[in-house]
Amino acid sequence: MFNSHNSIHLTLNRFKKRLCIGASMPNSLHCFLPLCLVPYTFCLGIKNLYRMPHTLCLKILFLISLITITTNPARAGTQTLELKTGWNLVSFAVEPTNKAVATVFDPIIQSGQFESVWTFDAVTEEWSTYPTVIPGVAPITEVAVGKGYWVKVTGSVSLEVSGTEIPSGDLELTTGWNLVGFPLEKTTDYRYLLSGVAISQIWTYDANAGIFKGIEFAAGTTTTTKEEFTEINPGQAYWVYSNQVITLGPVLSTSMEADKDFAPFLSTDSPNDRVVWSEFTLGDENIGAMGEDPDTSPDIYFDSPTTQRAITFRDNLESQLIYVTNIGSGALSYTAEIINPDASPWVRFQVWDEEQEKDIKTISSSGTVSIETKQLKLVADRTQMAPGDYTAKIRISSNGKADREPTRDIKVHLQVASLEGDYKLVASIDTVNGKKADMHNPRYYLSLYKDTNDPLVSDIKGIIDERRSLLMPARFYLTGQYYEASSNRFSVSGSLVLPGRDASADELGEDPGLNPYQVDLKRDITLLGDRSAAGDSGLGPLDLKGEYRETIRNVLEDPIYLAGTFVAYRLDRKPATLDSLNAYIYGELIPDGTGDIERIIKVNPAKRVLITEVDITPNIDHPRPSDLIVSLTSPNGTQVILRQNSNDAVGEVTYDENALPLESMDAFIGEDSSSDWLLRIQDTVPGESGSLVGCNLSIKGTRIFKVSGRIANVGKGATILLSGCGVSMMTITGEDGTFSFDNLINCTYSITVIQAGYEQVTLEFTVDSEDLEGLTLDPTKIVTPEPGFIMGPLAGNVPLSVEFVDTTDLASGPRYSYDWRIYDMDAGTYHDLTADHGPVVRHLFTTPGIYQVRMSIYDTASPGTPLYQVRKSENITVGMPVNAGYRILSYTVYGSGGIDGDGESDREHTIFDSATFDVDRLPLAANITDTSGDEDTEAFGAVEDPLTKTNQIILDAEDRPIGDGKFDPPVGDNSMRIYVNIGMGMPVIGTSVSGQLRLHIGPNP
């Protein structure tokens, strides 16, 4: 290892076990001083060694076997050692994949710049070296994490070491000098790393400057008399003089939000020990329970901050902190990671990225802790999440002692609130009719709420409060739904019509009222929103944001389209603005013993509301309240027990406001308020009597209305579609063509009549203040100058459903019968459809082939000879099935608005119109489950059949479109979608709210 070129001379006195290496150095290096190591003496000439004592005696005891890596999973890592010409004092912060010394140093051995490496094992009191074999000196075979090494190279070179990151573990220091290398993840202040450790000196070697640097302490104190450096660096080795035998060992401790008990607070003198929570009282919050009611599903422990193993994001929190502490000594390395992050994308660590100079979200976070506390910040993103409770798991792994829980799992619980509540909404108008505009930004007070308890029904409603909102002259109603499964994304739409004033009002000088114009003014508003995201400026997790759309009609010749965004700040969890009804009854005596009273509470049937909240205040006088059972029954037959043999005081008690009923009043949500309610009071024990003084019933919700009418000349079986204000409903006409729709809000709607053989007809109307009766539509029958019929589709794969409709202009007097015959051109056979089934028939083709159709019309008074007989020249082509689970409907789109001929959305015409959207036959649903009736209109793209060049709709075996899996709302890019009600066996037409833009789905001509 050493030769004449090094001018290094060594002598070995085996008897004394002293190894002396002298280095003759040029005069320009100022000095030659020995460095003596006992029981060996190792004399090295080092530049500027005069800064150290002339003799530094170090007794090394480095027990590498005691460096324990406990349960932290190995992570791949790379360490780069920057070696300078001459001697370098280094250590390894990663464990090499191959620990053989020849392999580790092979890159610089091959470059010819490596000379030697030395280390010392105090257990055997022997030096070790590589590569030269020296009698009496042990060879180095492997390198180890935690040992210090002297490495000499002939030129500056980088040595890259790849392997696994191993954090520091338990390390024993003996009294005297110890050579240690700390495998740290990053630079750490020595005062943190060795805090409380009885040491008197620390030295290291600066290869850049060729000097030693030291820290010295006054005897028996922590006061420094020399401090030439403060940081302990990964890859560097250090001489540490210990005043006693010391074990350096980290111990992991975490701290997070503790369980709560309001009265009294449960305390413990052992913060690191779990205490059995023996008694659970109202107000206890056992965060570790993760149950809906912590008191009924506890984890049996009261957890202090240090024993807590669960963390919860209440619905108003978007970040939570976990504090990591080392309650041992030395350096604690840790890694925190989200277990199965793909299953819980809503929770992430937020860390500072020094390169990007910003906070980023990540699935793991790691670091090193000595005496300080590190903070892990967790953030929750509730966007596109449905209301409910969610759980995840975090695992923190460390190099802490194995007997002190070095690895711990932490449960994470997230609450996602529903949209219900009272909001202050601020809209930002960006464009007017597509052009940039600087306008007043409306500020509204908005109440949102669901009108049903059914989790599969996604309907929501809203009211803009005219009393608190500027520029809102009357109460504005909205309706819509959560429009995407498993999300909080919502869409609500509404319209307000202000009737025009009579021209005579000007002459009489009357107040112009809310509308100074002589035409009706109409405002349409649509909100398409979601929860705010974590980090949105000025918004919390209960606030909303999204797109704002408004259309103002009849002010100018053309509608005025306003577009922009909105934010909504939640003011309260309960909606503040609701329509309400109140009813009061006077009391009577309550029969003692087994008797009871039943009192009818009559609610005005002309002012119905769809129930959101019910409060009842019975005023009962009774000396023994435990005798009583009190219940309330709705007109729908739903019964809620308010109290049952309870000792709670009676008197004037409002249930669901200042007293909890025995059963939840939420059972009434979604019902109709009208008709009679029943209050029943039972006295179950004889001996004491009392009376009902009076009772007030308060019902809150949304005013609803019924619309009914008749289709004049179509009769039974016609399909009627109602759309507008975020809803789409369908019904079939009954006897004499009658129809009705219920549960409509104050809004503007359109209804369309669809009946085979008749032209479509659409009527727009406004519901305001009362039910609307007597609507009449008179669709025109499609006739041709010559006897004939229409049929379609003309082509498709089996099974193919084809409709045939007579268009012959027949006299109104006689009665007619029909005969339809299908000719199979491939087989040369005829097939007769059932006779006398009218001018409209449907036939399902289940065999591929080419077919012709003939229609015969007979006068029932002369059945022998047909009045008309028509054979179509077009053929019906039925192809092979593409897949046994699918069938195809062809469709044609025509009309000027909404969808171009290629099936793509025409944004210019549709972006501001609320129109048709994905539907589920009653009741509406948000595709939470794939149930029969879901109509996912995104499926209806332009899929061209190569045989017929027609557009096709692909349906599955249960007649459901194969869609995008999303529930599309009636706004923006998603408006004017095409949909069809397959269950009705015929195409359906969709129209916009205004009734001016139409889509048609039907047979190709």
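In what order do the strands of the open sheet of three strands run, and with what kind of pairing? The order is β51-β48-β54, and the pairing is mixed. The model is predicted.

**Three-stranded sheet**

- The edge positions belong to β51 (738-744) and β54 (772-777), and each of them pairs on one side only.
- From one strand to the next, the twist averages 20 degrees.
- Strand β48 covers residues 705-711 and runs antiparallel to β51, with five bridges joining the two.

- Strand β30 takes in residues 388-398, and β31 takes in residues 407-416. The two run antiparallel and are joined by ten bridges.
- Within this pairing, D389 has Q415 in β31 as its bridge partner.

**Disulfide**

- Which cysteines form a disulfide, and how far apart are their sulfur atoms? They are C725 and C747, with the sulfur atoms 1.3 Å apart.
- Why does that pair count? The cut-off for a disulfide is a pair of cysteine sulfur atoms within 2.5 Å.
- A disulfide is a covalent bond between the sulfur atoms of two cysteines.
- The link joins distant parts of the chain, with the two cysteines 22 residues apart. C725 lies in the loop between β49 (719-724) and β50 (727-732). C747 belongs to strand β52 (residues 747-754).

**Cysteine burial**

- Is C725 buried or exposed? C725 is buried, with a relative accessible area of 2%.
- C747 also counts as buried, because its relative accessibility is 0%.
- C695 has a relative accessible area of 0%, so this cysteine is buried.
- The cut-off behind these calls is a relative accessible area under 20%.

Note on methods
Residues are numbered from 1 along each chain as its sequence is written. This is a predicted model: local features need pLDDT of at least 70, side-chain atom pairs count only at pLDDT 80 or more; totals for chains, interfaces and linings use all residues. Side-chain values use heavy atoms; hydrogens and water are left out. Two strands pair if DSSP finds at least two bridges between them. Helices (H or I, at least four residues) and strands (E, at least two) are DSSP runs, numbered from the N terminus. Buried means under 20% relative accessible area, exposed over 50%, partly exposed in between (1.4 Å probe, protein chains only). Axes are lines fitted to C-alpha atoms, for helices over the stretch in contact, and angles run from 0 to 180 degrees between N-to-C directions.
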